[in-house]
Amino acid sequence: MSILSVENISKSYGDKTLFNEISFTVSEKQRIGIIGVNGTGKSTLLKIIAGMETGDTGGIVHANEFHIEYLPQSPVFEDGVTVLEAVFYGSSPLMQLLREYETAIKKLESEPQNEKFQKQLFSLQQKMDAMDAWDTNTTAKTVLNRLGIASLEQQVSTLSGGQQKRIAIARALIQPADLLILDEPTNHIDNETVEWLEDFLAKYRGALLMVTHDRYFLNRVTNRMIELDEGNLYSYEGNYEMFLEKKAEREEREASSEQKRQNLLRRELAWLRRGAKARTTKQKARIQRAETLQEHSGPAQKGQMEMAIGSARLGKKVMEIEGISKSFGEKTLFTDFSYLMMPDDRLGIIGKNGSGKTTLLNILAGKILPDSGQVETGPTVKLGFYTQNHEEMDENLRVIEYIREAADVIYTKDGHSITASQMLERFLFPPSAQWTYISRLSGGERRRLYLLRVLMGEPNVLFLDEPTNDLDIETLSVLEDYLEHFPGAVVTVSHDRYFLDRTMEHLFALEGNGEVRRFDGDYSAYLEQKRQEDEMASTVKTETPAEVKPKKEKARRLSYKEQKEWETIENVIAELEEKHEEIESQIASAGSDFGKIDGLFREQQEVADKLEEAMNRWEELSEIVEEIERNK
């Protein structure tokens with residue numbers, strides 16, 4: 001069933017057309033991923049659907065009682081708002097109730113004996129029951145916990161950009177919505193959080209519409225793909241893997257059609273050159289057809305990276321890292337880390353946000369000094385460093401002028417020259433876009449341009465700090481192909497699992513204990529090993545004494561006391577369960593007598609503790625009895 005329709009939407013900025021009369025529908029529980037090269041209007045389309053912008057033509061159609069929740073790429077919060085107000089925002093009765101309930105809990109925690117606060121909380125609990133708000137409250141607590149949001153009283157403005165992005169994600173996930181729109185939700189969050197978000201969205205009740213460069217995320221979450229390309233919209237049923245197959249089929253059909261068009265055009269032109277005279281209707285029709293064929297343009301050619309870029313010669317000594325350590329205040333990022341970098345290394349640095357990944361990369365680049373230890377860089381190293389926050393661009397420069405500031409020409413391994421214009425084409429800037437002013441580029445297009453500027457310096461050691469943020473999938477594919485042929489060492493900080501699997505051969509994992517763990521293999525292999533280690537640790541931790549009883553030469557037998565205990569323990573458990581239910585009923589009928597309720601709560605907890613103890617004892621005795629039965 002369709003819940004929203006996009007009808008003949010067009011949008012242009014100056015002479016640049018983003019999309020032209022595109023239409024599609026969104027159905028219940030659909031998970032739609034939108035992809036396209038930076039600058040094709042993906043984020044603009046999301047804003048139009050969310051009501052943040054308007055199209056030049058067309059419109060959005062949905063029911064009157066329809067709620068859209070929108071997560072922007074760079075969330076902005078009002079000054080002075082707390083985390084509580086930011087997450088449980090809005091004027092809906094449900095959100096107001098959750099705000100009041102959380103505030104009441106904090107008040108009672110600060111003054112547990114305050115009867116006014118007790119009555120207020122009890123009243124709000126009754127409202128939560130009446131509005132069936134407990135599921136939403138549980139979801140909110142789960143989301144906040146998994147996103148690492150602990151303090152609800154803190155002002156959002158005092159938090160880092162990454163923390164603010166997490167708050168924005170929590171807000172979007174908690175709000176009840178018919179359609180959830182997510183613009184690059186995986187940017188600036190670590191791999192563990194991305195995996196949790198995947199699982200959460202798999203169970204999400206509403207429909208999803210998202211833009212993301214994370215290909216694993218797209219593959220696991222979506223069931224429909226929409227591509228924006230040259231102002232047109234193409235829709236594909238299935239996830240990202242199915243999209244790749246169906247897009248290849250579409251491009252093959254288009255290429256075949258273009259070949260037929262070119263053949264027909266050659267025949268028509270040959271006929272015209274033989275001196276055809278426009279004397280008959282048939283001849284006039286053939287001339288018009290030839291002119292139409294000439295005017296029609298075929299499918300746009302995509303940038304390719306099918307060459308091995310040359311670079312300055314790199315000697316055997318690249319970098320010697322000797323016992324480096326770094327701390328900030330009481331927080332230790334890493335201690336006594338050593339490594340000898342090789343000329344063909346492909347090293348990925350991974351870890352949670354705040355673990356010190358970028359700090360380690362900056363120390364290796366000589367931008368930050370370690371607390372102890374040293375980094376020796378080889379004399380032939382020519383470093384190219386792609387940073388998260390690139391240098392300011394002169395917006396008055398044209399695209400090609402900005403690249404030519406780095407180099408007019410670079411050379412392949414074979415000595416062939418590649419001009420700045422040719423490199424721009426390979427990085428998805430066609431000739432028609434190369435004389436565009438930088439001021440007119442989108443954020444993603446600027447990141448792509450900055451990446452090419454770094455590579456035009458022909459480095460022989462390449463450092464990449466979160467290169468996948470804000471780059472589209474097609475650009476990432478170009479970069480991955482480039483790295484495959486790159487003749488020097490590459491060190492990457494990234495949370496993009498697909499990119500790490502595709503390009504890195506060794507990992508440095510900052511696991512939060514001050515140690516940098518080296519892993520030989522890609523990210524998926526590392527993750528599998530971590531899961532196995534966690535399962536083994538969990539198994540050891542949960543083993544009970546009864547499960548690791550020492551072997552005895554004689555068969556185990558129940559003592560007299562254990563025999564009597566075994567005969568009566570089930571009755572004891574039944575009595576405690578009845579007592580627990582009885583107290584539950586007394587609490588329900590106590591009304592607003594908070595003194596009585598407080599005493600009953602304490603008594604109920606004591607009974608619950610005894611019941612748990614009796615159940616554990618019953619389990620121990622039952623295992624002994626089973627062992628005796630087996631040994632008979």
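The chain contains 19 helices and 20 strands, taken as DSSP runs (H or I of at least four residues for helices, E of at least two for strands) and numbered from the N terminus. The model is predicted: local features need pLDDT of at least 70 and side-chain atom pairs count only at pLDDT 80 or more, while totals for chains, interfaces and linings use all residues. Residues are numbered from 1 along each chain as its sequence is written, and side-chain values use heavy atoms, with hydrogens and water left out.

A search of the whole structure finds 29 salt bridges (a side-chain nitrogen of Lys or Arg within 4 Å of a carboxyl oxygen of Asp or Glu). K141 pairs with E102, with the closest N and O atoms 3.2 Å apart. This pair links helix α5 (residues 134–146) to helix α3 (residues 93–110), across 39 residues. K141 is partly exposed at 36% relative accessible area, whereas E102 is buried at 4%.

A salt bridge also joins R250 and E227 (3.0 Å, N to O). Because R250 belongs to helix α9 (residues 240–273) and E227 to strand β8 (residues 224–229), the pair ties together parts 23 residues apart in sequence. Both R250 and E227 are buried.

In a further salt bridge, R446 and E395 have their closest N and O atoms 2.8 Å apart. R446 lies in helix α14 (residues 443–456) and E395 in the loop between β14 (383–386) and α12 (399–404). R215, E480, D481, E484 and R502 are linked in a salt-bridge network.

Conventions
Buried < 20%, exposed > 50% of the residue type's maximum accessible area, 1.4 Å probe, protein only.
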